[in-house]
Amino acid sequence: LAAKARGKGVGTKLLTWADEVGRARGCKVMELAVVHGNPAMRLYERHGYEYLPQSAYERASLLLGVGCLMRKTGAKKMVKKL
């Protein structure tokens, strides 16, 4: 979210909406790739997301993909059971 939208409940509403859509589609797990330093990390944790242990290959793939797209490094995978 843009900085001016933070702290106003927008992220919470988006996460709740994503959970509802996921459940309606029969999803059992939600997954996020979270870039190091993302201010929403605590929000994700409050909503039940946990860090997923990853192999070296998974970490490298995630770092390369997120790094190329967002020009940031240090991404981690977070998951939540629905």
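Let us begin with the whole chain. This is a predicted model, and its protein has 82 residues, of which 27% count as buried. There are 3 helices and 3 strands, and if you follow the chain from the N terminus, the elements come in the order α-β-α-β-α-β. The accessible surface is about 6,100 Å², with 58% of that area belonging to carbon and sulfur atoms. The contacts tell us something about how the chain is arranged: if we take those between residues at least 6 apart in sequence, 71% join residues at least 24 apart.

Look for Gly26 in the loop between α1 and β1.

The largest nonpolar core is made of 9 residues: Leu15, Met30, Val34, Ala40, Met41, Leu43, Tyr44, Tyr49 and Met78. Strand β1 (29–34) and helix α2 (41–46) each contribute at least two residues to this core. Helix α2 gives the most, with 3 residues.

Is Lys80 buried or exposed? Its relative accessibility is 10%, so Lys80 counts as buried. Leaving aside residues up to four places away in sequence, Lys80 touches Asp19, Lys28, Val29, Met30, His47, Gly48 and Tyr49. Two of these names, Met30 and Tyr49, you have already met as members of the largest nonpolar core.

What does Lys80 do with its charged side chain? It forms a salt bridge with Asp19, in which the closest N and O atoms are 2.5 Å apart. This pair links distant parts of the chain, as Lys80 lies in strand β3 and Asp19 in helix α1, 61 residues apart. Both partners, Lys80 and Asp19, are buried. The side chain of Lys80 also has a polar atom 2.9 Å from the backbone oxygen of His47.

How many salt bridges are there in total? The count comes to 2. In the other pair, the side chains of Lys77 and Glu31 meet at 3.6 Å, N to O. Here too, distant parts of the chain are linked: Lys77 is in strand β3 and Glu31 in strand β1, 46 residues apart. The partners of this bridge fall into separate accessibility classes. Lys77 counts as buried because its relative accessibility is 17%, while Glu31 is exposed because its relative accessible area is 52%.

To finish, let us step back out to the surface. Leu1, Val10 and Leu14 make a nonpolar patch of about 250 Å² there. Leu1 belongs to the segment before α1, the helix that covers residues 10–24. With 53% relative accessibility, Leu1 counts as exposed, because the exposed class begins over 50%.

Conventions. Residues are numbered from 1 along each chain as its sequence is written. This is a predicted model: local features need pLDDT of at least 70, side-chain atom pairs count only at pLDDT 80 or more; totals for chains, interfaces and linings use all residues. Side-chain values use heavy atoms; hydrogens and water are left out. Patches are made of residues with over 30% relative accessible area and no salt bridge: like charges are joined within 9 Å, nonpolar side chains (Val, Leu, Ile, Met, Phe, Trp, Tyr) within 5 Å. Accessible areas come from the Shrake-Rupley method with a 1.4 Å probe; for residues, only the protein chains shown count as cover. A salt bridge is a side-chain nitrogen of Lys or Arg within 4 Å of a carboxyl oxygen of Asp or Glu. Helices (H or I, at least four residues) and strands (E, at least two) are DSSP runs, numbered from the N terminus. Buried means under 20% relative accessible area, exposed over 50%, partly exposed in between (1.4 Å probe, protein chains only). A nonpolar core is a set of buried Ala, Val, Leu, Ile, Met, Phe, Trp, Tyr and Cys residues joined through side-chain atoms within 4.5 Å. A polar contact is a pair of N or O atoms within 3.5 Å; within protein, one must be able to donate a hydrogen and the other to accept it, and residues adjacent in sequence count only if both atoms are side-chain atoms. Contact means heavy atoms within 4.5 Å.
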